Amino acid sequence: MKELMVRAIYCESLGYEASFSYIHAIKLAQQGAGLEKRVGYLAVSLFLNENHELLLLLVNTVLKDLQSTNLIEVCMALTVVSQMFPKDMIPAILPLVEEKLNHPKEIIRRKAVLALYKFYLIAPNQVQHIHNKFRKALCDKDPGVMTASLHIYLQMIQENPEGYKDLTASFVTILKQVVGGKLPIDFNYHSVPAPWLQIQLLRILSFLGKNDQSVSELMYEVLDESLQRAEMNHNITYAILYECVRCIYTIHPKSELLEKAAQCIGNFVLSPKINLKYLGLKALTYVVQQDPKLALQHQMTIIECLDHPDLIIKRETLELLFRITNAQNVMVIVEKMLEFLRVSTDDYTTIDLVGKVAELWFIETMNTVFSVGGDMMQPDIPNSFLKLLSEGFDCVEDDRKLRLFAVDSYISLLHGEPGKLPQRFLQVISWVLGEYSHLREELEPASVLRLLEKLLDMKQTSSETKNWVLMAMTKLCVGGASVSVAQQVSETYISSMDTVLRQRAQELQHFGQDSEVRTRVLPRDTDLENTIFDVDSSLSFLDGFVSEALAAGAAPYKPPHQRQEELAQAKALSLEPYGLSLPISMSSCSIADRQSPTPLSMSSGLSTTLKLDGVKRVWGREGYLVQRESVEETAQVEVPSPLRSPSQQAEANGSHSQTPTQTPTPEPEQEKQQLAASLFFGLSSQSSVCLMGKSGPTSHRFRRKAKGQGSISGATEQTSKTKLNDSDIKGSDPSLSEDSGLVAADSEDMNPHEDPERPKDLCLSSHLPAELSGLCHSEISPLCSIQSLDLSACHVQKDDSLVLVIFIQNSSDSAIRQIPLDLDSDELEVMYYVSRVSDSPVEDVRSHDVAVYQYSLTVKRPSVHVEVVGTVSCPVGTPQTVRFSYKLPLTTFIRPLTLSTEEYGTMWLAFSHDTKQNLTLISDDPEPLTATLSVLKRKLQLHVVEIIGMEGILACRLLRDRPCLMHCRVHAGALAVWLRSPVPDLPDCLIYHCQRALQED
């Protein structure tokens, strides 16, 4: 049997199906001994996957081998467990795998740690109770066991670095021992001590030291030692140096390490070896996000890499240019990307570059992107393009010109060779012509219909594209000659085997015959955003049909979660082993007593297909929520990047001040220098850098024009950076305990008019208006300074509004007149509060006095954090303008909503936007549900409507009068939460703050 099984493995490896041998492989693993059992386990691991139905027959064999005294059998069982066991079978074998962590043999302990690592990847909630045993494995006397535990810690620290900061000293000590060569020589690779272990430790340290100065200081010494010992003499040392550079630029910066890391990057980039040059470009792409000026030192090398014969070098160079894109060099960089896209034959490169071009540029290059990118691009790119085209910008005339340009260009493309265009591009063309071809008055609808009819006749046109074309023809069927064309097309497809095509043909036929119905269903020249649609979310118009069907004997409707509940009960997987095949000690273990998730009740409405117990909610309608928070916190830390020594800097400054010689430059070299000047324009210290590339994915590929953006002529921008301290919040308002950070850009030059000795001790609280002085307000924090003016701000909560108060303090000896102050926000509606003294946000400030501005804030578009951006100008002396911003959490706009249970039920059915999430339950309280809801009520200002048993309902409103309802239920040790609201993004934002409030409690 052993030889036959080897032959079956050979057949499978050649691609032939040998499923008849699967059951024999399981039998060989069960009944064989020694070498036969090894061959059986090998065949099973190659034949089966974690979803295969025969895997259930292997559970008893694995349980028996895990309890064997034969080390080889235990190793084989642990190997199979870590390779192919699904999460449903983890409870059956987890106790035995835990026991192996204390096994006297190190190979067993190492394989047990790797098996637990696999369990953590597929079911993290089931191994949370053994995290302390992971720490024991980290301190194991065998280096192999310790190395295996680093895989688990790298995953856990990447998800939650704050929970493992106390282990920083241990990781630093381990790295010191590894770099110092204290491990056995068996761990060396080409005389480099444990290189893969060093890489793992450097990645862990980069996560722990990010944005934490105290933790980063523990790492400086060992990072310096790693850079010195990793000599550039082998590929594996290059990998260590690359990880060192990433770690140095990720943690809190230190000038000496930054200089050494920059020198290391320079050696990589200038190396003639392709692998090292690629590594240097990759490192430069990463660090340029922290210090864009570093690219200026290697700009000519980067230009040469654009013409490198290796496509990987070209692609990484374009990635680097994408990261340094700003408003000045975007056109040149996009042109280079499109040139590379035309000659690229790699699908991955095409998908990646199409996405980057779509982010950087829009109208001028979208036709080229669709033509070249073809059907390889992601579906969200054409969808975002059509959405932006339909929503338009801030100017009606610009919108009309944009749409007319699109119509003209697409008509010319259809007159050419449409058969060469990709299917996604044809779909975009069909939609645009159906929506906006009427804007071109001299263009007859019948002529457009005939062009679209040609698309239907092409053999390469897909069914999906034909659906788009038929929908466009339906919109253009307005009478006359167009009706005859539409009728001819509908007769062709009304008998199609494709159901969707047949439906579209029916619509085309009926709308062509009845123009009144078409006008009502497909209105034209109307602003759909201002159109009010009556939507019956309860589907009450179907009540009569449902009653008749039930009376005729039809089965009542069952929600999806109830159907899944019944299906799970009918086909539940029993994990209890057979009684006779196990020892008594095993059969009496607590496998059956382990708590397993049960299906949710009908009232909760949550599906059991996705269990989110203990999982953080990091994605919402607004994008990656946690990443935004980390980016916002990172933006508040000033990162100095002294990449040159003082002598080098002086030499560089001197070289710039020298008069250029008159030696003629070769023509190719002049072209490269001109290209470098175009690509790296905007990265010098005199110009403001606006990086398009970020460390994380953007939430939207296209962005609408921001209101009020533009350059301020004749004004010098001066900026500052401050942060609002949560511990200094005044008053007892719970919502004021959230983050309310203040963000502004940084300035390199001190203001020559600023007096460092001017008084700062004026009590601004006494200047609060009388109607606000008795209310809760946040800390009055500085915003910025401009000449003799200091700006500070706070926000005050009222029952029906949120008031932003800005103080302008004049510390000079003369009055300053007509100080313009402008505020704007994408998420908020900002209204100036007209006082009795002034009705304009331009006031005079007397000498050593304070002017107070009040603004009423209302949320237009919910977001996790909202921001007010402003500018202030000082008319004294040289005109100067300062930009500042003020950030608030959405919870500052949340108020309790008092209503009855009946009113709650009526409103719940009327709301259509919802989200569901499992949150942490406060389990150390005798009444966990009541305690958890009390925390949400206290921190988020929610109103608890009613608590019945294990379920509770809450309500709140977003200023002004936009409700949000919450249904909570205790399930499987967690709080299953369901939010509903008429506002699209409000449930996602509120669930994020609920999760954060429970984590901080």
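**View 1. F171 is buried, with a relative accessible area of 0%, where buried means under 20% relative accessible area with a 1.4 Å probe and protein chains only.** The model is predicted, so local features need pLDDT of at least 70 and side-chain atom pairs count only at pLDDT 80 or more, whereas totals for chains, interfaces and linings use all residues. Residues are numbered from 1 along each chain as its sequence is written, and side-chain values use heavy atoms, with hydrogens and water left out.

**View 2. Y153, Y164 and F171 form one aromatic cluster.** Rings of Phe, Tyr and Trp (its six-membered ring) pair if their centres lie within 6.5 Å, and planes over 60 degrees apart count as edge-to-face, under 30 as stacked and the rest as tilted. The structure holds nine aromatic pairs. In one of them, the ring centres of Y153 and Y164 are 6.1 Å apart with the planes at 85°, so this pair is edge-to-face. Y153 is buried at 1% relative accessibility, and Y164 is buried at 11%. The rings of Y153 and F171, with centres 5.9 Å apart and planes at 75°, are likewise edge-to-face.

**View 3. R246 lies over the face of Y286, at 4.1 Å from the ring centre.** A charge sits over a ring if NZ of Lys or CZ of Arg is within 6 Å of the ring centre and within 35 degrees of the ring normal.

**View 4. K916 lies over the face of W978, at 4.4 Å from the ring centre.**

Definitions and conventions:
Buried < 20%, exposed > 50% of the residue type's maximum accessible area, 1.4 Å probe, protein only.
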